[in-house]
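Here are some questions and answers about charged side chains. Look at the structure first, then read on.

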Amino acid sequence: MLDLDALKKELNPQQYAAVTTTEGPILIIAGAGSGKTRVITFRIAHMLDKGIPQSQILALTFTNKAAREMESRVKELTGKKLQNLTVSTFHAFGVKILRQEITALGWRENFTIYDESDKIALIKESGRELKMSPDALDCYKIAILFSDIKTGRKDWKVDTDMYRELYQSYQEGLKLYNAVDFDDLIVLPIKIFKERPDILQKYRDRYKYLMVDEFQDTSHQQYEMMHLLADQNVAVVGDDDQSIYSWRGADYQNIVNFEKDFKNVKEIRLEQNYRSTETILEAANGVISHNTNRKEKKLWSQKTVGNKPIEIFMPQNETDEADFIAESIQGICAEEKIKYDDFGVLTRSNTQFKQIEEALMAANIPYVTSGGSSFYERKEIKDILSYLRVIANHDDDVNLLRILNTPRRGIGRAALEVLNEYATSQKKSLWETIKSLQAQGTNSTEEQDEFELSADVPTQNKDNRLSPKILGALAEFTSLIESNSSMIGGKDLAKKVKALVEEINYWDFLILENPKSEKAARFKYLNIEYLIQGIDTWEKDPDNDGKTSLYDYLNRITINNLDNDDEGDKGKVNLMTIHASKGLEFPVVFIAGAEEGLIPHARAIEEDEKNVEEERRLFYVAITRARDKLFISSCSKRKKMTAVVDSQPSRFLDEIPARLVEYHEPQKAVDDQKALEILANMKKMFAVPPEN
């Protein structure tokens, strides 16, 4: 059990109040580095000590890593397994609800969650169904529009109205394929709660105590989900000064909404910082104080040891900037004996990575960058892996649906709808359904023009027939899968996968999918070749102990990709965007490119001058990632497109109190005449005197 007297010694007064206040609505304003994760975990442990059943507690956060860390700390504090405690991301909790309740909306229980590549593929397919020219569709922009429409961030307008029918077709396609997209993981549970009060009440009766971490990052939909679930015992933890995700729907005004929607809210502010030196915190306070729409707070620290000034460097260009960063890291490592993973190099945009990466590589400094999709999440890789999964398990409906018409075999949406309805009515997998139809088709007469489903199949389609052409395509598909069953054995898997890729003519498919860019098709095909090389290397690894079957390989990549947090990057410099750095901390931080047009970003200001406040919050987040030492660089010139342009230091640099800063001007080039004079003087100094 947690000893309350011992807690008073471990926590500051504000933290103690936050931990021990368990009833009623509570708003915890937690500044950067103020120990909010500690407060949340101690609070859960205290609630359990009070006798609150673990099944009644729901804690929501934004990343899997944060959820795992929170759950792990509570288990460590309590010494209990806590199998009925729910600590989850919003989206994972949405999945949990949908797994139980999605049938209320007409989906089947074993639905698939589409990622961005799946989403774009469905938009393309929906466009083809509507006879829209693929060249006229910017699927990436359309995907963003559909997300904005679905989540309520935007309404249909004159300039977007042309996509209404496509959106409707996309939505119908999701339901037909028994799939949901990422936005649906929040939108659909809300829909269920609103349409089925009985289901909502079931969850309200279960989760009587709610907690939300990083509350300033909640979107309108996430807030609505929380508001629907919560009664009065709800605690939200956040910092409006760290709200930097408005572009993906986050709204720090939810803090204001919380105070309006819940009565008698108790507010507790955590302002003591346990991360950074006093100098770094004063700099952060100086910057953020220029924002007007915020809750007043001031971070402070008792950490004065090693209180060094913030160093601002003014290199000539991005090449000099990158060299300065690499050389500084080498020097600090040599002098202070700290590790590479103690360094964070932060940029406003990942377009700034190139020069810094080159400098780090030239200096033999290992590094890892954030952002970008996993290799195994790329569409072309997922296509091939789906073939392997279906070869290994014919009844894998999710992966079978992905490849049944990839590459295209003429098995369109109407045929898939017939197969889906037949599979549902007969309670069979799609593979079993296809094989069953083929068996029935074999017994039919040759004169039959088309195959008709038996009368007892309830279908909404007027035309419940499959043509001989479609039956032939299905037969070719099942034959292809069955003929590759030798893959399941443990020999020559790489060669067999290569043969499969050639057999399905995947290269021709890539050319058709990328009509405007053969280069893009080649890049995607090269990725498949990398996949095959990886399989070959894995097969030859003596540490596998002969376990090289298709099942072994699929299990390996599934387990490796369940967690997208890369634990293999310890001992490497962290090069990342400021957005990606949120929630992290490093003993030494470099903020590169502190220039007008980068931070604040030109595009953000062009859209709305009010965005300067969010850009300032972003700079504040960057500063507060540093524990001991902070370097900031601002180039005199920077290459933009093909031109080199003059750069101006960011306005935010002037907001840092001057007494905290040490400026380093760039070395000025010496003109030719001056150089000749210096050389002449050196010759005089080292000239050999004449002998007497």
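Buried means under 20% relative accessible area, exposed means over 50%, and partly exposed lies in between (1.4 Å probe, protein chains only). This is a predicted model, in which local features need pLDDT of at least 70 and side-chain atom pairs count only at pLDDT 80 or more, while totals for chains, interfaces and linings use all residues. Residues are numbered from 1 along each chain as its sequence is written, and side-chain values use heavy atoms, with hydrogens and water left out.

Q: How many salt bridges does the structure hold?
A: Side chains of opposite charge can pair when their charged atoms come close. A salt bridge is counted when a side-chain nitrogen of Lys or Arg is within 4 Å of a carboxyl oxygen of Asp or Glu. The number of salt bridges in the structure is 53.

Q: Is Asp 181 buried or exposed?
A: Asp 181 meets Lys 150 in a salt bridge (2.8 Å, N to O). Lys 150 lies in helix 7 (residues 139-151) and Asp 181 in strand 5 (residues 179-181), so the pair ties together parts 31 residues apart in sequence. Helices (H or I, at least four residues) and strands (E, at least two) are DSSP runs, numbered from the N terminus. With a relative accessibility of 2%, Asp 181 counts as buried.

Q: Which residue forms a salt bridge with Glu 71?
A: Glu 71 is partly exposed, at 21% relative accessibility. The closest N and O atoms are 3.7 Å apart, and the partner is Lys 75.
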